[in-house]
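Trainee: I would like to learn how to read a model of two chains, feature by feature. Where do we begin?

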Amino acid sequence: MDDHHHSRRLQRKTIPFILLSVVMMPLGNVLLGKGMKGVGSLQRVTPGDLLPFVERTITSPWLWLAIACFLGFFVSYMLLLTWADYSYVQPASAFSNAIVALLSYLVLHEVVSPKRWAGIAVICLGVFIVGRSSPTSAPAPTATGKA
Amino acid sequence: MLQGILFFFVIVAGTLGELCISRAMKSIGEIHDFRPRSVLQFVGRALQLPWTLAGITLMALGFFSLVGVLSIDEVSFVVPFSALNYVVGALGARFLLRERISGRRLLGIATVVVGVTLVWWSRH
């Protein structure tokens, strides 16, 4: 098995897990954002109001839905990291940025300015460049079993 | 000021946490069996590793800071801005995990930084 074949095999296995983490993470963020919009700004909370703020936060159903999404993300991410390099996986998950912006606009009705869309597009371009490198820098196993 | 501190924890604690998790996962080795029972066994084994526990603690700190910062700023600003963790992540992968960062990956990460800068400008 040569390096190229090993890399192709890893990429086929890697893509479904990346897709899963790329959907779960933004969904969690948007649900969390929705919950926190209802809770109110931490910036306006005085030390005396901190406990009610925490209480409002942890009783928000949106927070728990978000946590469920983050858990789904986390498990697929951990599985992914058993074979792929962190520096490959992490930027690949930045596609979440585009999905987050889209969901913020559609679900939360946030105003996303052209400059912000441009920035997000550039982030995705960076992700695309990283995604075209090999998933792992570890050498491919050889037929003789020697690394 | 409060936002700055929260963003610092979201980016630095979150990324260090992921690096710890990555280190733990590499010590487990490549997973080939994805049946639910095997995945649960894998999670159980992973949770016994000190690196996993350190990672979860740091990621929890990052998560609570994210909750705080999302109560202040918009989701479409917070999430792209926290893409700065790619820089922290690349440095950590290079120096803590000893991964090799190719020229192409560096170029990609630099492009991400340009995008984050644009998102930052969109705020003013």
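Trainee: What is the secondary structure of chain B?

Mentor: Chain B has six helices and zero strands, and its pattern along the sequence is α-α-α-α-α-α. Its C-alpha atoms fill a box of roughly 50 × 35 × 25 Å along the principal axes. Of its 124 residues, 45% count as buried.

Trainee: How should I read burial along a helix, for instance which residues of helix 5 of chain B are buried?

Mentor: An α-helix has 3.6 residues a turn, so residues three or four places apart point the same way. In helix 5 of chain B, the buried residues are B:Asn85, B:Tyr86, B:Gly89, B:Ala90, B:Gly92 and B:Ala93. They lie on the same side of helix 5 of chain B, because they cover an arc of only 170° around the axis.

Trainee: How are two packed helices described, and what is the angle between helix 1 and helix 5 of chain A?

Mentor: Two packed helices are described by the angle between their axes and the distance between the axes. Helix 1 (residues 3–39) and helix 5 (residues 96–106) of chain A pack at about 40°, and their axes are 9 Å apart. The crossing of these two helices is right-handed. Helix 1 of chain A brings A:Val22, A:Val23, A:Met25, A:Pro26, A:Asn29, A:Val30 and A:Gly33 to the contact, while helix 5 of chain A brings A:Ser96, A:Ile99, A:Val100, A:Leu103 and A:Ser104. By class, that contact has eight nonpolar, four polar and no charged residues.

Trainee: Now the two chains together. How many residues does each chain give to the contact?

Mentor: Chain A gives 48 residues and chain B gives 46. On the side of chain B that touches chain A, helix 1 (2–28), helix 2 (36–47), helix 3 (50–70), helix 4 (75–81), helix 5 (85–95) and helix 6 (103–121) of chain B each supply at least two residues. The largest share, 13 residues, comes from helix 6 of chain B. By class, this side of chain B has 28 nonpolar, eleven polar and seven charged residues.

Trainee: What of A:His109: is it buried or exposed?

Mentor: A:His109 counts as exposed, because it has 7 C-beta neighbours inside 10 Å. It is found in the loop between helix 5 and helix 6 (114–131) of chain A. Its phi is positive, at about 55°, although A:His109 is not a glycine.

Trainee: Last, confidence. What is the mean pLDDT of chain A?

Mentor: The mean pLDDT of chain A is 81, and 83% of its residues reach 70 or more. Over residues 141–147 of chain A, pLDDT stays under 50, and the model has three contacts beyond four places in sequence for this stretch. Where pLDDT is low, the predicted coordinates should not be read in detail.

Definitions and conventions. Residues numbered from 1 in each chain as written. Chains lettered and ligands numbered in written order. Predicted model: local features only at pLDDT ≥ 70, side-chain atom pairs only at ≥ 80, totals over all residues. Contact = placed C-beta atoms within 7 Å. Helix = DSSP H or I, 4+ residues; strand = E, 2+ residues; numbered from the N terminus. Nonpolar A, V, L, I, M, F, W, Y, C, P; charged D, E, K, R; others polar. Buried ≥ 20, exposed ≤ 12 C-beta atoms within 10 Å, placed from the backbone. Arc of directions from axis to C-beta. Axes fitted to C-alpha atoms, helices over the stretch in contact; angles between N-to-C directions. Left-handed = near helix turned anticlockwise from the far one by under 90°. pLDDT = per-residue confidence, 0-100.
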